[in-house]
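This briefing is for a reader who has not seen this structure before. Please look over the sequence and the model, then read the points below.

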Amino acid sequence: MIRHIVCWKFLAHAGGAPRAENLRKAKAMLEDLPGKIPEVLSLEVGIDSTQGPASFDLALNGTFASASALETYQRHPEHVNVVGFLRLVQSEKMVVDYEISGQ
């Protein structure tokens, strides 16, 4: 099993909308992916509530059966569409993928 974690910092204003609106839109788009991409075993998306100086604005925590399942997800047209939106509104992104031990 593979854990896929992604965090984003959003621009204050992008695509004609403020950060808060883009965060809600991105969260909804990401939460819609499991119903469209069978390789997603689980997916949780959250908007940061602390807004601390080291905080990112949005986080995704997903699980996939294998590295190849993760790769299939990343190439899926629905995911590619979400990535296109995120690239317009993000100022920073970080990703961590790791094998879940004992699974």
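This is a predicted model: local features need pLDDT of at least 70, side-chain atom pairs count only at pLDDT 80 or more; totals for chains, interfaces and linings use all residues.

Leaving aside its neighbours within four places in sequence, which residues is Leu60 in contact with? Leu60 touches His4, Ile5, Val6, Trp8, Leu30, Leu43, Glu44, Val45 and Tyr73.

**Nonpolar core**
- In soluble globular proteins, nonpolar side chains tend to be buried together.
- In this model the largest nonpolar core consists of 23 residues.
- Those with the most contacts inside this core are Trp8, Phe10, Leu30, Leu58, Leu60, Tyr73 and Leu86.
- At least two core residues come from each of strand 1, helix 1 (19–32), strand 4 (40–47), strand 5 (58–64), helix 2 and helix 3.

**Leu86**
- Leu86 sits in helix 3.
- Leu86 counts as buried because its relative accessibility is 4%, and buried means under 20%.
- Apart from neighbours within four places in sequence, Leu86 is in contact with Trp8, Phe10, Ala26 and Leu30.
- Between Leu86 and Ser55 there are 31 residues of separation in sequence and 17 Å in space, C-alpha to C-alpha.

**Largest pocket**
- The largest pocket holds about 190 Å³ of space.
- It is lined by 15 residues, and the closest to its centre are Val6, Trp8, His79, Val83 and Lys93.
- Two or more lining residues come from each of strand 1 (2–10), helix 2 (67–75), helix 3 (77–89) and strand 6 (90–99).
- Helix 3 gives the most to this lining, with five residues.
- By type, the lining of the largest pocket has nine nonpolar, four polar and two charged residues.

**Helix 2 and helix 3**
- The axes of helix 2 and helix 3 cross at roughly 65 degrees and come within 5 Å.
- On the helix 2 side the contact involves Tyr73, Gln74 and Arg75, and on the helix 3 side Pro77, His79 and Val80.
- The residues of this contact are three nonpolar, two polar and one charged.

**Thr72**
- Thr72 belongs to helix 2.
- Thr72 and Glu39 are 33 residues apart along the chain, and their C-alpha atoms are separated by 7.3 Å.

Terms used:
Residues are numbered from 1 along each chain as its sequence is written. Side-chain values use heavy atoms; hydrogens and water are left out. On a 1 Å grid over the protein atoms alone, a cavity is a set of points where a 1.4 Å probe fits but cannot get out, and a pocket is an open set with protein on both sides within 12 Å along at least five of seven lines; lining residues have an atom within 4 Å of a point. Grid points are joined across faces, edges and corners, and a volume is the space filled by probe spheres set on the points. Helices (H or I, at least four residues) and strands (E, at least two) are DSSP runs, numbered from the N terminus. Ala, Val, Leu, Ile, Met, Phe, Trp, Tyr, Cys and Pro count as nonpolar, Asp, Glu, Lys and Arg as charged, and the others, Gly among them, as polar. Axes are lines fitted to C-alpha atoms, for helices over the stretch in contact, and angles run from 0 to 180 degrees between N-to-C directions. Contact means heavy atoms within 4.5 Å. A nonpolar core is a set of buried Ala, Val, Leu, Ile, Met, Phe, Trp, Tyr and Cys residues joined through side-chain atoms within 4.5 Å. Buried means under 20% relative accessible area, exposed over 50%, partly exposed in between (1.4 Å probe, protein chains only).
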